[in-house]
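I opened this notebook to record what I looked up in the structure shown below. The entries follow the order in which I consulted it.

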Amino acid sequence: MSGTVAIAGCPNSGKTSLFNQLTGAKQKVGNWPGQTVDRYSGEFRSGGETFEIVDLPGTYGLVAVSAEEGIASRYLVDDRPDVVVTVVDASNLNGSLHLVAQIAEAGLNQVVALNMVDVADRRGIDIDEDVLGRALGVEVVRTVARKGQGTDELKAAVARAAGRTPTQLVIDYGGVVERHVGSLVESIAVRPGLAALGSPRWTALQLLAADVATRDRVAQLPGGHAVLEAAAADRDGIAAETGFEAAIELAEHRFNWISHLVADVSGPIEMEMTWSDQVDRVLTNKFLGIPIFLAVMWVVLRFTADATAPYLDWVDSTISGPVARWAVALLSAMSLDGGWVESMVVDGVLAGVGGVLVFVPVLFGLYLMLALLEDTGYMARAAAVMDRSMRAVGIPGKAFLPMMVGFGCTVPAIYATRTLDSSRDRLLTGLITPFMSCGARLPVYVLLASIFFAGDKSMVVFAMYVLGIAVAVLIGFLLSKTALREEDPAPFVMVLPEFRMPNARTVWILVRQRTASFIKGAGTTILIASMAVWLLLALPVTGDGSFADTDVEDSAFGVVAKGFAPTLAPLGFGEWEQSGALLSGFVAKEVVVSTMAQLYAVDGAVAEESTNGFVDDVGDIATSFVAAGRDTLLAIPRVIGFDFLDLEDESQSELQTAVRTSFEDSSGGKGQLAALAFMVFVLLYTPCMAAVGAFRQEFGTRWMWVSVLGQAAIAWIGAFIVFQGGSLLGLG
Amino acid sequence: MSLIRSHVESGDRPQAQDRTLTTAPRNSKVRVARVSGRPRLIQRLAALGVVPGVLLTVIKPEGPAIICLGGARIAIGQTAASAIEVEAADE
């Protein structure tokens with residue numbers, strides 16, 4: 001490794017496209033220290049040398065407004081990469097050169113990638129990159145990252161720049177500011193402990209601009225506190241003498257310098273209205289904006305659910321069918337079949353692997369839609385539309401997206417929180433998203449509603465969805481007033497990216513990375529939980545069963561279910577079959593109904609034996625995969641349809657009778673209330689172990705426990721209110 | 001561009017008036033007179049070039065506001081938009 005390169009740029013400058021072009025598919029994903037922000041890095045070769053390249057989070061400048069934005073400025077000052085490639089949107093020079101100027105002022109070795117020159121050309125903006133390069137003291141390379149143009153020239157420029165001694169850009173900030181900069185530079189320069197910071201002038205400018213990252217860094221160094229006091233006095237001095245805050249004074253002079261420079265390199269830029277301004281007026285219209293957003297979300301959700309469902313079934317049937325049979329065949333070849341090993345492999349390991357893989361089609365579909373929304377530029381408009389009404393209840397505007405995704409499945413919804421801007425916003429959204437009723441909870445509502453509320457079935461199911469939203473909003477509001485309170489919330493100000501056709505390569509890389517990240521990150525948690533449940537079911541505690549061959553009631557699972565059944569008695573469902581169904585619902589809500597069937601011993605169906613040979617199996621897998629593709633294509637037109645509450649009535653009369661009797665018994669004759677309370681509990685407690693795994697990957701173990709225990713408490717309280725409140729009112 | 005230059009060179013600043021971005025007419029060209037508010041808001045606006053003296057075209061004044069600044073389109077939420085005082089820019 002002969003050098004490190006950092007790639008910096010504003011959001012939507014094409015930074016990620018350029019990074020992808022430079023590194024190719026070989027990228028490493030990690031985390032920035034102390035942050036849940038992805039750190040992408042890779043390598044490229046140029047001039048016979050290998051460079052390590054790091055993608056910095058998008059930022060408009062080096063004065064950090066959020067913790068994430070501080071990553072870029074902290075990395076540049078602390079790690080001092082050999083070369084910084086700053087990506088500039090050629091069609092928006094004014095806005096992009098602010099970051100370039102600051103990096104040049106920090107005295108870093110910089111190469112400017114003048115990106116999207118094709119868009120600038122189309123708009124009639126003619127940029128003289130030589131004039132630009134001379135003014136900034138850097139080399140400027142023209143690129144169109146989305147088409148791969150200019151990548152080789154950029155690599156060559158980086159190799160040339162690597163050995164160069166950088167020149168520090170000095171902008172004249174006018175008499176008053178320069179006087180204060182001068183005195184602050186002196187107080188920094190006389191303290192040897194602050195030498196590690198690099199350029200004293202840059203440190204002084206950052207302190208005057210009240211940059212939090214620089215302040216924290218200075219505070220840790222010997223003599224730092226005296227300098228911070230001097231900086232505060234200088235800030236006050238500038239404000240008193242000019243009537244403007246120091247940060248504004250600095251920005252005003254810097255932008256004045258930039259606008260002169262832009263005039264020199266490209267001539268005056270006409271501010272002309274374009275068709276996209278008209279589109280933006282409609283998309284962000286006070287009355288139309290939200291309905292349009294909801295319509296777009298509807299398509300996204302239906303695509304995620306319907307178009308991926310056939311593949312989900314395919315994964316499920318392949319694993320539980322042929323793969324399970326092969327495993328058994330393999331075990332019998334090793335004379336290990338029939339015993340607890342077979343049970344562990346099939347019911348523990350394969351069930352766990354299946355539990356991971358079954359989410360892959362859904363996540364893939366969702367990530368595809370999200371990447372398309374982001375890459376076309378619509379996501380920024382949606383955030384602008386939703387911000388105001390959501391902020392009113394303390395929830396960030398962009399939280400709407402994960403919450404909507406949560407109606408489909410909580411797991412991708414947790415990952416969708418990555419589209420939010422700050423770790424605080426992500427956490428808050430991650431905590432409330434599980435209350436949105438996911439698709440897997442629907443069968444529980446349908447079963448109970450059709451037993452106890454035959455006439456108002458749809459009404460009851462719909463009420464569950466509404467209750468989920470209400471609880472999510474309420475908890476979000478409470479969190480924003482307490483644990484996740486913000487003194488100075490990030491204002492909504494963002495550059496709207498240009499509308500454009502999505503780039504297949506960018507979308508593909510994004511979808512692949514995110515999907516792989518789920519398999520690696522949440523997979524372990526899901527597998528472990530699956531094994532744990534198998535072990536509980538296999539361990540005989542009472543009765544005369546043996547290991548992996550015991551009645552559910554006599555297994556550790558049954559004992560645990562009986563153990564916490566009394567805590568559910570005040571909610572009207574304190575029988576061990578009911579608590580057992582909820583316990584299995586922690587693994588996946590899909591299995592609550594089937595567990596009920598199993599525990600009430602009404603489902604006598606034995607898994608069908610197949611006499612297929614290996615070749616037939618492979619053939620079946622291939623045919624069913626093709627069939628899944630066909631079903632997906634057929635499902636796409638239905639995406640626009642409205643059969644969301646398509647409640648199927650399957651013949652479950654035996655189970656229905658058993659469930660009715662059980663709920664009537666457990667609630668002292670108030671079966672309806674108990675069933676309603678049970679539905680509320682299912683709505684509000686932990687969605688499934690996959691969601692827990694996803695949550696842990698995103699927010700850490702500590703917050704995972706907060707989330708799991710909090711949801712259990714809220715579910716208990718919710719069900720208690722329904723059952724006891726309803727009893728008091730004489731209902732049921 | 002020339003307007004910004006002449007303003008800064010002549011050394012005077014636009015006087016603050018009681019009109020914010022939210023009340024500016026559509027399609028109008030305005031000059032930023034003053035930006036007030038919490039530090040985060042001021043820093044964010046400053047990083048994007050929304051500083052006193054700069055010329056903007058108002059594409060949409062509110063709900064959210066959209067402005068054109070040097071070719072870029074910037075969306076500004078209600079709170080931030082009402083913190084930006086503007087005055088009509090004479091052509």
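**Entry 1. A pair of residues across two chains.** I began with Val495(A), and I found that this residue stands opposite Ile74(B) in β4(B). I noted at the outset that the model is a predicted one. I then looked up the strands concerned: β8(A) and β4(B) pair in the antiparallel sense, and four bridges join them. I recalled that strands of a sheet pair through backbone hydrogen bonds, in either a parallel or an antiparallel manner.

**Entry 2. The sheet.** In which order do the six strands of the open sheet lie? I read the order as β8(A)-β4(B)-β3(B)-β2(B)-β1(B)-β5(B), and the pairing is antiparallel. At the edges I found β8 (493-496) of chain A and β5 (84-88) of chain B, each of which pairs on one side only. I also looked up how neighbouring strands of this sheet are turned against each other: the average is 40°, with direction ignored.

**Entry 3. Two strands of chain B.** Within the sheet I turned to β1 (residues 29-35) and β2 (residues 55-60), both of chain B. These strands pair in the antiparallel sense over three bridges. For Lys29(B), I recorded Thr57(B) as the bridge partner in β2(B).

**Entry 4. The contact between the chains.** How many residues does each chain bring to the contact? Chain B gives 40 residues and chain A gives 41 residues. Sorted by class, the side of chain B that touches chain A has 24 nonpolar, ten polar and six charged residues.

**Entry 5. The domains of chain A.** I next consulted the domain assignment of chain A, which gives domain 1 (4-162), domain 2 (175-243) and domain 3 (522-602 + 651-728). The centres of domain 1 and domain 2 of chain A, taken over C-alpha atoms, are separated by 27 Å. Their contact takes nine residues from domain 1 of chain A and ten residues from domain 2 of chain A. On the side of domain 1 that touches domain 2, helix α2 (residues 67-79) of chain A provides the largest share, four residues. By class, I recorded four nonpolar, three polar and two charged residues on that side of domain 1 of chain A.

How values were computed. Residues are numbered from 1 along each chain as its sequence is written. Chains are lettered from A and ligands numbered from 1 in the order in which they are written. This is a predicted model: local features need pLDDT of at least 70, side-chain atom pairs count only at pLDDT 80 or more; totals for chains, interfaces and linings use all residues. Two strands pair if DSSP finds at least two bridges between them. Axes are lines fitted to C-alpha atoms, for helices over the stretch in contact, and angles run from 0 to 180 degrees between N-to-C directions. Two residues are in contact if their C-beta atoms, placed from the backbone, lie within 7 Å. Ala, Val, Leu, Ile, Met, Phe, Trp, Tyr, Cys and Pro count as nonpolar, Asp, Glu, Lys and Arg as charged, and the others, Gly among them, as polar. Domain bounds come from an automatic or database domain assignment.
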